[in-house]
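Notebook open, model loaded. I'm jotting down what I looked up, in the order I looked.

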Amino acid sequence: MLGSMVNRLGVINTNQFNPSVLFAQGEEGAWYDPSDLSSMFQADQTTPAVQGQAVGKILDKSGNGHHLVQTNSDKCPILRVDDLGNFCLDFTTDDGMRSTDDFLFADNNVTDMSLFAGCRKESSGINQTIMELSNNLGSQKGCFRILCTSGELWRVIQKGGFGDGETAVANTLQSSSVGTPNRSVLSSIASITAPSHSFKRNGAVVNSNTGSLGTGTFGNHVLNVGARSNGLSANLDGKIYGIIVRGALTDADTRIKVDKYLGFKSGVSI
């Protein structure tokens with residue numbers, strides 16, 4: 001009973017980890033927590049969110065102010081409590097959200113990136129976006145993307161190259177086929193200057209490499225969640241339980257804590 005109550009408060013979990021420590025040194029990034037009802041608002045972006053209704057705004061709890069919004073009420077996800085009693089944003093094939101402003105990774109010379117997501121996909125045969133920095137990674141530099149492919153593979157792409165004359169290389173890692181439905185905690189940590197990329201699913205290493213991400217930095221781009229280009233394509237049919245984006249490397253011990261935190265939020269045992 002206590003675990004359920006703490007989960008719904010959206011602050012801590014059973015190991016007392018609080019993601020705010022990830023931003024204690026002023027790291028650029030964002031933290032979105034659908035279990036914290038005080039951080040979410042309805043489609044008008046001012047009325048507090050209500051279970052079973054559309055969410056048009058979710059606040060960034062990192063302190064960086066990169067709130068997610070959707071001004072089109074027809075494209076807003078729904079605040080739900082899932083079958084395991086966990087709060088989540090429920091996206092359909094028409095929904096998506098986008099940050100109110102650019103993440104200033106280039107301005108802060110960010111060359112290292114840590115990505116975390118607790119999510120569930122509920123349909124097959126389509127590309128489904130969890131999050132993407134920029135509106136389309138394929139045509140942009142200094143980006144990243146987490147998605148599930150039409151072949152049922154969880155895939156992470158991290159790509160450098162932002163800056164005049166810099167080279168962009170898409171460093172891609174992916175899981176084996178996971179089937180549908182699939183509930184996962186995904187984490188990806190990559191570096192441009194010390195080339196490396198590590199991808200974990202549910203706390204276990206999926207793959208890693210020391211291949212290039214190119215040169216330069218990560219870019220100043222908006223963050224899209226649940227779809228590409230503010231809900232226009234590659235929409236998620238499923239749920240998001242939490243997302244953390246941190247423009248810095250995250251050490252192994254802290255990474256385990258973040259994975260467990262999101263596992264607690266999403267009902268995944270890690």
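This is a predicted model: local features need pLDDT of at least 70, side-chain atom pairs count only at pLDDT 80 or more; totals for chains, interfaces and linings use all residues.

Started at a turn: β11 and β12 make a hairpin with 4 residues between them, and E152 in that turn has a positive phi of about 70°. Strands here are DSSP runs of E, at least two residues long, numbered from the N terminus.

Housekeeping before I go on. Residues are numbered from 1 along each chain as its sequence is written, and side-chain values use heavy atoms, with hydrogens and water left out.

**Entry: the sheet**

On to β13: β12 and β13 run antiparallel and are joined by 6 bridges, with S177 in β13 as the bridge partner of L153.

How buried is β12 (residues 153–159)? I find 6 of its 7 residues buried, so the strand is largely enclosed by the rest of the structure. My cut-offs: buried is under 20% relative accessible area, exposed is over 50%, and partly exposed is in between, using a 1.4 Å probe and protein chains only.

Zooming out, I get an open sheet of 9 strands with antiparallel pairing, in the order β2-β3-β4-β7-β18-β10-β11-β12-β13. β2 (40–41) and β13 (170–177) stand at the edges with a single partner strand each, so one side of each has no neighbour in the sheet. I also checked the β10–β18 step: 3 bridges join residues 128–133 to residues 223–225, running antiparallel, and M131 sits opposite V225 in β18.

**Entry: cysteines**

How many disulfides are there? My search of the whole structure gives 0, where a disulfide is a pair of cysteine sulfur atoms within 2.5 Å. For C148, the closest cysteine sulfur is in C119 at 8.5 Å, too far for a bond. For C88, the closest is also in C119, at 12 Å, again too far. C148 is buried at 0% relative accessible area, and C88 also counts as buried at 0%.

I found a cis peptide bond joining T180 and P181, with omega about -5°. P181 belongs to the loop between β13 and β14 (182–191).

N109 has phi near 55° and sits in the loop between β8 (103–104) and β9 (112–121). S134 has phi near 100° and is found in the loop between β10 and β11. Are these two buried or exposed? N109 is exposed at 58% relative accessible area, whereas S134 is buried at 2%.

**Entry: cores**

I looked for nonpolar cores, meaning sets of buried Ala, Val, Leu, Ile, Met, Phe, Trp, Tyr and Cys residues joined through side-chain atoms within 4.5 Å. The largest has 41 residues, and those with the most contacts inside it are F105, I130, M131, F144, I243 and V245. β9 supplies the largest share of this core, 4 residues. Apart from it lies another core, of 12 residues, among them F17, F23, W31 and I189.

Leaving out residues up to four places away in sequence, F144 touches residues including F105, M113, M131, I157, L223 and V245, with contact meaning heavy atoms within 4.5 Å.

Key:
Two strands pair if DSSP finds at least two bridges between them.
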